[in-house]
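Here's a quick briefing to read alongside the model. Have the sequence and the 3D view open as you go.

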Amino acid sequence: MQIHSPEFKENARIALHNEPLQAALGQFKFGFPVNRARAIANLPEFETLRDHARDLKNHIIQNLDIYLEQFEQQVTANGGHVHWCSTAEDARQAILDICQHVGAKTVTKGKSMVSEEINLNDYLEANGIEPVETDLGEYILQLRGDHPSHIIAPAIHLNVDDVADTFHEHHHRPRSDDPQTLMKEAREVLRKKFVSADVGITGANFLVAETGSTIIVTNEGNGDLTQTLPKTHIVISSIEKVVPNLEDMSLFLRLLARSSTGQEFTVYNTLSTGPRRPDDQDGPENFHVVLVDNGRSDMVGTDFQDMLRCIRCAACMNHCPVYGAVGGHSYGWVYPGPMGSVLTPQMIGIDKSAHLPNASTACGKCQEVCPVRIPLPKLMRHWREKEFEQHLTPSTVRWGLAGWAFFAKRPALYRWLARSSAWFMRRMAGKKGRISKLPMAGGWTDWREMPAPQGATFMDQWKKRQSGDQS
Amino acid sequence: MSKTAIFNKIRRGLKRGAPSAEQTAAALARIQSRKPELVPARSQLDHPGQIELFRSMSSQAAAKLIDLDSLTQLPEKVAEWMQHQGFTELVSANESWLNELDWAPLNNISRTCRVAQSGDNVSLTGCMAGIAETGTLMLHSGGNSPTTLNFLPDCHLVVLRESQIVGCYEDAWAMLRQNHPDSLPRTVNMITGPSRSADIGQKLQMGAHGPCELVIFLVKEAH
Ligand code: SF4
């Protein structure tokens, strides 16, 4: 996927004025967050499970090489193959090699964000292999030449009408705008693809060191058809997904469905362990696991290590006011929302993504809902600091911050300035009481509104309080 | 080689070299301990309680339950369901306990033991366990129960005996390891209700790529 993160501000401005997108996003806020809240209310142990999950992930990172080594041994013992890939390029090449080795012409694909990360589809196509996305959302996007805007609900930015038009154009059937009819149509069309594919590629939610198994968590069942019908099954996964044993995996499974879609459990949780056994009548004859690093090992031991705990549940974006306002495409690369604002700079460079860690209202909602308790606001702040150190911040903002530092070191001046600027901001907000433009802070206010300061400044109130006046 | 490069970077980040013998032994022991993490209290019930919980959780996940007083009732109940739906072909797992039943009640409905194919309407399989915690079925691949039966047909009929119902996932893992001490079957499927998707206009629809219907024949057993 091409990188459009440098244009975040422009993307966001356009998104805010895109009415169909705003309609889709308006609906979105009442789905996942509401379901999550309900699921959590049904599980009194949820908060304790989060603590355990955080601690277990930390333990895994400390022993990452050991668990990965064990995982590889078990995959091999079960007749599978592990391919280690440092970079996206390595991973693309490894997958192409496997496909070419088995003479593949078509490849069906389950949903995998890592495959988006390494831009797999374009690469396969360029090498004469047809990739077919089989997750319903991903399939719609592939027909439209579009990309996911959300990590678990890739087509969340589209409305029923968009899908109706797309299917009408590509399936050559009468146009229907009934979701049930549309889904049936896709089911029929894709069935043929499942059956005729030479290779099936799926992602993985976890890798189990104990058994050499990979697991996918899906609601549609496409991932299962993808891996069961073709002769070759390739799993593509990043390295931080390994867990010690099945019990540990269960801990994360209890958190994953509830945090993401708000289900008690996702419909299909499927473990894959090696190729088909001698007496099996179906299933793949070859089993490959492509393990991708792509910058993750660089995060170990740094300020960003906590991000390696991420289980890709999407709760942070589901609850993010910025994501909810501008949608996933505005972020300009594969991973949107708060988790994307931390991961993207790591993967494509802070120079190309400096706006993302600033795309925060510092409301802290993401951290509040993250099942593995990643301190996302803090990590975004780390990127802002790094960016500032590298002088990537536009000069007006830097000038503004330097100015603030100058006044902050001079208390009397600061108090005067704060009082007069509160007055100034109230004037700017007018009757609405909300400010949608601030001079020299366009980067902040172009896609945010903020309430005008009410009443006296904090310092004034503090002084009053200290002198015993509680008004 | 990429593996060495990746491991070196991880180790540099962890500020250590290759793990010590003790650290490796500790991690391996952790893997082998198979110690359950925190298991929610909801599934820690007596067996009748677990059966009740399984019933309510699987129904909540939109699975259909059909009660049988004994396994011998299965052919007539399957026939009844199929006639009601207007289906005439049943693709079945090749389990001996299924084959031994008297399938005469099927009349003109055919029952064939084979892998599933595109276009099949109905499949019938057993399962290894029912997990009360979330109303989840656990199935796995094997010579007599091809995995395509669980995913390709439009409707999946599953036979579950009450004695197969356990409380939590961890109970099912223990059972699985006992049945397969050397290595897991190629695939283990945890199934909770019929397939679904909300990818079209954020409207939840049943029947995406997997079965549109999941019917559980729950067989009573004396306690
Ligand atoms: S950062 Fe946390 S909330 Fe966001 S996707 Fe990852 S695990 Fe989920």
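Ser341(A) is buried, at a relative accessible area of 1%; buried means under 20% (exposed is over 50%, partly exposed in between, with a 1.4 Å probe and protein chains only). This is a predicted model, where local features need pLDDT of at least 70 and side-chain atom pairs pLDDT 80 or more, while totals for chains, interfaces and linings use all residues. Residues count from 1 along each chain as written, chains are lettered from A and ligands numbered from 1 in written order, and side-chain values use heavy atoms, leaving out hydrogens and water.

**Around Ser341(A)**
- Ser341(A) sits in helix α16 (residues 337-348) of chain A; helices are DSSP runs of H or I with at least four residues, strands are E runs of at least two, and both are numbered from the N terminus.
- Setting aside residues up to four places away in sequence, Ser341(A) touches Tyr331(A), Leu356(A), Pro357(A), Met380(A) and Trp383(A), contact being heavy atoms within 4.5 Å.
- A polar atom of the Ser341(A) side chain lies 3.3 Å from the backbone oxygen of Leu356(A).

**Helix α9(A)**
- Ile140(A) is one of the buried residues of α9 (residues 136-144) of chain A.
- The cover over the buried residues of α9(A) includes α10 (160-171) of chain A and β10 (196-197) of chain B.
- Gly145(A), with a positive phi near 65°, follows α9(A).

Notes:
Polar contact = N/O pair within 3.5 Å; in protein donor to acceptor, adjacent residues only side chain to side chain.
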